Amino acid sequence: MTGVPLVFDSPIQDAISSIQFAPQSNNLLISSWDSCLRLYDVNGSVLRLEASSEASLLDCCFQNELVGFSAGSDGSVRRYDFHSGTSEVVGNHDDLSICVGYSNETCQVISVGLDNKILAWDTRMEKELLCLVNVGSEVQSLSLSGFEMMVAVGRSVYVYDLRNLAKSIPSKKSDMDVNIKCISSVPHSRGFAVGSVDGRVALEMSSSSDSNDIRYMFRCHPKSTEKRLHLVSVNDIVFNTLMDSAFYTGDNEGYVIGWDAQSRKRLFELPRYPNSISSLSINNKGQLLAVASSYTYQEAKERRYSSNIHTTN
């Protein structure tokens, strides 16, 4: 099964950029190129909020159950109050704002843009820019875990301590020889997984014992073999919130696959979706996987069926 589709009275009119489950509930935050941020109650199968803006929305995240953020193509980082339905601009990039995240540990909302900058605001302070880091190169993806922020820049991964963002930190070279498309940090542990533009996943997980460290790379396209490679971008990776060794990949040909990092085995493969997989999210109990099937504007010949979201147990 491909799961249960979310039903909208007014269908999403453009590509879905990101989906994120709420910290404690099965409310799903959805950002889209149609300039709308949507809050969908998966349990009740009802749309709780639809907030329009002037710019396409390229990413979204929760602060808590009542507040969220979006990153816009006009460079804006916008804050939403779900209870009142109001929104306000927190700050702006000099170019497109492409990623946004929130840290519970430091109460920071963090964004990256095509201006090659990382911006951070302390949500306890009124719109005051806390830090600006000029990376010097285009950031493709970011992920937050505890006090660490990881950003994918070209073929490298930069790791920052959120308590000292201004400090220069050397990059960690991944095993990739092509650009990284997405990065996802391992919850409750030290490590990350990156997906490449040519269909590979590189995984690094550290433990208290060096002998138990995990580091390897593999091709995740279901049709890839040693003799025939399918060079398809891995668009998103998400770890199970309760089982660190379980993670899921979604690629540009519509495949979603579950993996076990410890055994290095495939757990399952969902039937192919009609569109590319633009985003994945797992709920806080680790039992419900949301899949956004949507075109991604990555390829001229990309299939363009209606954007949709499915949930599967």
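Tutor: A salt bridge is a side-chain nitrogen of Lys or Arg within 4 Å of a carboxyl oxygen of Asp or Glu.

Student: Which residues are linked in a network of salt bridges?

Tutor: D177, D198, R200 and R219. This is a predicted model: local features need pLDDT of at least 70, side-chain atom pairs count only at pLDDT 80 or more, and totals for chains, interfaces and linings use all residues. Numbering runs from 1 along each chain as its sequence is written, and side-chain values use heavy atoms, with hydrogens and water left out.

Student: How far apart are N and O in the salt bridge of D198 and R219?

Tutor: 3.8 Å. D198 sits in the loop between β19 (190-196) and β20 (200-206), and R219 in strand β21 (residues 214-219), so the pair ties together parts 21 residues apart in sequence. Strands are DSSP runs of E, at least two residues, numbered from the N terminus.

Student: Is D198 buried or exposed?

Tutor: Buried, with a relative accessible area of 10%. Buried means under 20%, exposed over 50%, partly exposed in between (1.4 Å probe, protein chains only). R219 is partly exposed at 27%.

Student: What does R215 meet in a salt bridge?

Tutor: E204, at 3.5 Å, N to O. R215 is in strand β21 and E204 in strand β20, so that pair joins parts 11 residues apart in sequence. R215 is partly exposed at 48%; E204 is buried at 14%.

Student: And which residue forms a salt bridge with R48?

Tutor: D41, with the closest N and O atoms 2.8 Å apart. R48 is exposed at 52%, while D41 is buried at 11%.

Student: How many salt bridges does the rule count?

Tutor: 12. Between domain 1 and domain 2 the count is 0.

Student: New topic. Where are the domains?

Tutor: Domain 1 is 14-136 and domain 2 is 174-275 + 285-297. The bounds come from an automatic or database domain assignment. Their centres, taken over C-alpha atoms, are 24 Å apart.

Student: What area is buried between domain 1 and domain 2?

Tutor: About 680 Å², with carbon and sulfur atoms giving 73%. Buried area is the accessible area (1.4 Å probe) that two parts lose on being put together, summed over both. In domain 1, I16, I19 and F21 lose the most to domain 2, together 51% of what that side buries.

Student: Last one. What does S145 touch?

Tutor: S185, V186, P187 and S189, leaving out residues up to four places away in sequence. Contact means heavy atoms within 4.5 Å. S145 lies in strand β14 (residues 139-145) and counts as buried at 19%.

Note on methods
Helix = DSSP H or I, 4+ residues; strand = E, 2+ residues; numbered from the N terminus.
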